[in-house]
Amino acid sequence: MKKTPTTILIALLLTFSFILNAQQEDTAKLKSIYFEVNDYVEDNEGCLKCHGEQKFKLEDAFGRTVTEHMCPDRFVDRDKYYSSVHKSFSCTDCHSYDLFEFPHPLDARIEEKMLCMDCHGYDESFAQYHFETIEVEFQESIHNIDEFSCWKCHDPHSYKAFMRNADDIEAAVLYDNEMCLSCHANFSQFMVLTDRGEINLVESHDWLPNQVAHFRSVRCIECHTEINDSILIAHKIMPKTEAVKNCTECHSRDSHLMHTLYKFQVKEDRKAGFANAIILNNSYVIGANQNIVLNWLSLLVFGLTFLVILFHTVMRIIKLKDK
Amino acid sequence: MATSKIYLYPVWIRIWHVINALMFILLILTGISLHYSGSGFTLIGFEASVGIHNVCALILTFNYGVYVIGNMVTKNGKYYRKWRKNLVPKLWKQFVFYAVGIFRNEPHPFPITKKQKFNPLQKVAYVFAMYFGMPLLIISGIALMVPDLIGYKVFNVSGLIFYDVLHIIVGFVLSVFLLIHLYTCTLGDKPGTLFKSMVNGYHEEHK
């Protein structure tokens, strides 16, 4: 082939303009439920055809292909996204339009990401959730360290406001604790954010009787945050030395749990004479779930027995003196 | 005044009895502390109560096994048998004695002999306490000690609630039994006579 300027230019273009194409769109993956909650499903596929896949394929102008694995931090599960609190969003509501270009330009990649407060802060429509107080709590929390943000716990692509609408406390506890455990029980994730050594949660909680029952029934934040009645969920994570370790904080009539886990439902009436009856839907807490009817009945029976014994004793003494 | 002595309480019964009494008292104190934790009824701290309650419960359970087996292989078991025969008239007779006769210095309607260690009221109370109450208390206690094993529902309520309420009710009934038992033990010839019997093994009666 004659090396004319045109052929050289074409060759250079083919070589260096590495035209990359991700895999073909697979419309079969788009469920009708997505379209019911989001008007931008097809637009979002521009991102999710790669970011919605665990693996994606790159192809250059020569037809060469390579399969890559999507980094977990960059992966968005469509089902979770379209059922999350942000299910109606277009990707570009939060991310730059420049990211439509591929390979993504560096400028767009290092652009500061949006945070919760950028939309939710100082907005009347979100006033009831007190995001400003949550931000203050976070700043006072031990989680206020470099590279830590709301997203580390609340993935904006999958987050559900579980507790607020919790019908099933056990499922809500599991969901909530998974947020903590995703780092605190996963050292490869934990070491990304801190230089601290690996934590063995079972060993560090070995003082706690019936660990499994506790871990299944209450959230980590029940003991590891400071109660704040002005917000729905406390966000001030305390140092471990200040965590609740006194059993009677929860195991008592004035149970800590009624100000934390069950604060959404504390107004439920007492059932079958039990104190803090709302807890009974999911669990039973010794000390907190006393049966008031049985308490009074036992005092009555015990009191009557004692009176009969006292009367009998007095009569015996009187008769003894008469002898 | 002649004193008759009958050897009714062999060594193994006395050892079993003292262990049973001590464990039961500790279980009542720690049980009340757990049930009323965080209130004025707290006698012992929650954490300590959990530990003491669990250890005492295991000792009591083992001791109960000794009692059941002991009653099967020794003659002591015979005192708990045939408790239903003419039960109501016998119970009434004993009740009338405690309510009236005792103040008139009437003789015991069912005097203690080598063949008859308990009066009918005692017999019924002990059979119910030891062969109905204790197994229920132990089973419900084990269920609460290992709550992960009772995630299922019992009679359509949470297993935890069922066993806890059962444990509290049976524990309370047996506590009332203990109170009455302690008082009736003062009804010997002298207030301390029957307690002395449980120490030296001999039932003493002045005639």
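Biologist: Among contacts in chain B between residues at least 6 apart in sequence, what share joins residues at least 24 apart?

Modeller: That share is 60%. Two residues are in contact here if their C-beta atoms, placed from the backbone, lie within 7 Å. Keep in mind that this is a predicted model, where local features need pLDDT of at least 70 and side-chain atom pairs count only at pLDDT 80 or more, while totals for chains, interfaces and linings use all residues. Residues are numbered from 1 along each chain as its sequence is written, and chains are lettered from A and ligands numbered from 1 in the order in which they are written.

Biologist: How many helices and strands does chain B have?

Modeller: Six helices and four strands, in the order β-α-α-α-α-β-β-α-α-β along the sequence.

Biologist: What makes H1(B) roughly antiparallel to H2(B)?

Modeller: Helix H1 (residues 11-35) and helix H2 (residues 46-73) of chain B pack at about 150°, with axes 8 Å apart. Axes are lines fitted to C-alpha atoms, for helices over the stretch in contact, and angles run from 0 to 180 degrees between N-to-C directions. Under 35 degrees is roughly parallel, over 145 roughly antiparallel, 65 to 115 roughly perpendicular, and the rest oblique. So H1(B) and H2(B) count as roughly antiparallel. Their contact has 17 nonpolar, eight polar and no charged residues. Nonpolar covers Ala, Val, Leu, Ile, Met, Phe, Trp, Tyr, Cys and Pro; charged covers Asp, Glu, Lys and Arg; the others, Gly among them, are polar.

Biologist: And why is the pair H3(B) and H4(B) called roughly perpendicular?

Modeller: Helix H3 (residues 87-99) and helix H4 (residues 120-145) of chain B meet at about 115°, axes 8 Å apart. The perpendicular class runs from 65 to 115 degrees, so H3(B) and H4(B) belong to it. Residues making the contact include Leu91(B) and Phe95(B) of H3(B) and Leu121(B) of H4(B). By class, that contact has six nonpolar, one polar and one charged residues.

Biologist: Over to chain A. How do you know whether Ile286(A) is buried or exposed?

Modeller: Count the neighbours: Ile286(A) has 23 C-beta neighbours inside 10 Å. A residue is buried with 20 or more other C-beta atoms within 10 Å of its own, exposed with 12 or fewer, and partly exposed in between. Ile286(A) therefore counts as buried. Ile286(A) sits in the loop between helix H12 (221-224) and helix H13 (292-322) of chain A. Leaving aside neighbours within four places in sequence, Ile286(A) touches His251(A), Leu34(B) and Asp164(B).

Biologist: Which element of chain B gives the most to the side that touches chain A?

Modeller: The contact takes 22 residues from chain B and 25 from chain A. H5(B) gives the most to the chain B side, with 10 residues. That side has 14 nonpolar, five polar and three charged residues.

Biologist: What makes strand S2 (residues 65-69) of chain A hardly covered?

Modeller: The count of buried residues among its five is zero. S2(A) pairs with strand S1 (residues 55-59) of chain A in the antiparallel sense over five bridges; pairing asks for at least two bridges found by DSSP. Lys55(A) has His69(A) as its bridge partner.

How values were computed
Helix = DSSP H or I, 4+ residues; strand = E, 2+ residues; numbered from the N terminus.
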